[in-house]
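I'm opening a new notebook page for this protein. Below is what I looked up, in the order I got to it.

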Amino acid sequence: MQVVCSPDDSLLFCAIFDGFNGRDAADFLSVTLFTKFSQNLAKIESRLCSSSSSRSRSRSGGGGECRKAEEVEGALRDALRYSEEAFLGMVERHIEEEPSRQDLAMVGSCVLAVVLQGRHLYAMSLGDSRAVLATTTTQKKKQTKKKKKKKKKEQKDLEMEMEME
């Protein structure tokens, strides 16, 4: 598991890496994914914040961010693509150097990563890892209560049907 907060507290990155057939891929991802993601964001910010058009962009979070949702998503997607290619390259080099390490070709990792920037939450899932986002509001509670009453009635109807048989 990895949790990283940006120095200006404007961004939170959390990831879970679930390796299979060993920890090699999960360990590699835990080192490279956030590093590349933060490098991608830095490039975006330096390009946007230094341009005169950055003043017209909406700002979210604190610090000096000038990024849009598509840019954060793209930075995350590109970081994963880079990490995957770098890991595959490393595996190929290890197998060429040490042919007995064919087992490296059979390892991998599921990834579940979320990025919280201001009021925006971005989630990325690769493999069979999943996340459930739940919130509670007064309106949701009322809806839940109505459904429970309906379920109780359905349960009674089912019990009555079973008794009749």
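Before anything else, I needed to know what counts as a helix: a helix here is a DSSP run of at least four residues, and helices are numbered from the N terminus. I also noted that this is a predicted model.

**Entry: the overall layout**

I started with the secondary structure, and I found three helices and four strands. Going along the sequence, I wrote the order down as β-β-α-α-β-β-α. The protein has 165 residues, and 32% of them are buried. I then looked at contacts between residues at least 6 apart in sequence, and 59% of those join residues at least 24 apart.

**Entry: a lysine in H1**

Next I picked Lys36, which sits in helix H1, residues 24–50. Does Lys36 count as buried or exposed, and which side chain of opposite charge is nearest? Lys36 turned out to be buried, yet it has no salt bridge. The nearest side chain of opposite charge belongs to Asp78, and it is 8.5 Å away. Then I checked what Lys36 does touch: leaving out residues up to four places away in sequence, I listed Lys43, Ala79 and Tyr82.

**Entry: cysteines**

I searched the whole structure for disulfides and got zero. My cut-off for a disulfide was sulfur atoms within 2.5 Å. I looked at Cys110 too, and it counts as buried because its relative accessibility is 7%.

**Entry: aromatic rings**

How many aromatic pairs does the structure hold? I got four. I took a closer look at one of them, Phe13 with Phe34: this pair is tilted, with 5.0 Å centre to centre and 50° between the planes. The pair links distant parts of the chain, since Phe13 is in strand S2 (residues 11–20), Phe34 is in helix H1, and they are 21 residues apart.

Phe13 comes out at 0% relative accessibility, so it counts as buried. Phe34 has a relative accessible area of 17%, so it is buried as well; the cut-off is under 20%.

Key. Residues numbered from 1 in each chain as written. Predicted model: local features only at pLDDT ≥ 70, side-chain atom pairs only at ≥ 80, totals over all residues. Heavy atoms only, no water. Helix = DSSP H or I, 4+ residues; strand = E, 2+ residues; numbered from the N terminus. Buried < 20%, exposed > 50% of the residue type's maximum accessible area, 1.4 Å probe, protein only. Lys, Arg positive; Asp, Glu negative; His and termini not counted. Salt bridge = Lys/Arg side-chain N within 4 Å of Asp/Glu carboxyl O. Contact = heavy atoms within 4.5 Å. Phe/Tyr/Trp six-rings, centres within 6.5 Å; stacked < 30°, edge-to-face > 60°.
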